[in-house]
Amino acid sequence: MNPQLKTNTYPLPRPEDLFATLEGCKFFTKLDMSDAYVQLEFDKEPQDLCVINTHLGLRKYTRLPFGVFCAGSKFQKVMDALFRDLPLVKCYLDDLLVGGRTLEEHWERVMEVL
């Protein structure tokens with residue numbers, strides 16, 4: 001299926017950019033989003049290409065499955081848009097990095113994310 005999909009060119013953040021965003025922070029939390037990619041709905045067109053055979057017959061994926069080569073960049077784009085207004089919060093694939101210069105500031109950011 002991967003060769004049939006359009007290439008998504010949304011860039012992943014570089015480690016230097018992550019460090020620059022969280023510069024000066026003394027407290028950090030990494031939130032790992034389990035099954036992160038399946039939170040995104042799969043476009044209608046690729047659903048016809050992504051079919052699995054089950055004991056109940058053929059089924060189309062309606063959520064973005066793991067293994068799709070553009071899943072990381074698509075998810076990164078959505079997460080960047082969701083958290084762009086929150087200072088000291090950065091997403092890297094399925095990990096959300098939250099920083100704070102003080103414990104109070106850090107806890108406030110974590111609560112905003114949750």
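Are Tyr 37 and Phe 75 buried or exposed? Both are buried, meaning under 20% relative accessible area, where over 50% would be exposed and anything in between partly exposed (1.4 Å probe, protein chains only). Before going further, note that this is a predicted model, in which local features need pLDDT of at least 70, side-chain atom pairs count only at pLDDT 80 or more, and totals for chains, interfaces and linings use all residues. Residues are numbered from 1 along each chain as its sequence is written, and side-chain values use heavy atoms, with hydrogens and water left out.

Let's stay with those two rings. The structure holds one aromatic pair, with ring centres required to lie within 6.5 Å. Tyr 37 sits in the loop between β1 (27–32) and α2 (44–47), and Phe 75 in helix α3, 38 residues apart. Helices (H or I, at least four residues) and strands (E, at least two) are DSSP runs, numbered from the N terminus.

Now to the largest nonpolar core, which has 19 residues. Such a core is a set of buried Ala, Val, Leu, Ile, Met, Phe, Trp, Tyr and Cys residues joined through side-chain atoms within 4.5 Å. Leu 64, Phe 83, Val 89 and Val 113 have the most contacts inside this core. The elements giving two or more residues to this core are α3 (71–83), β4 (89–92), β5 (95–100) and α4 (103–113), and α3 gives the most, with four.

Notes
Phe/Tyr/Trp six-rings, centres within 6.5 Å; stacked < 30°, edge-to-face > 60°.
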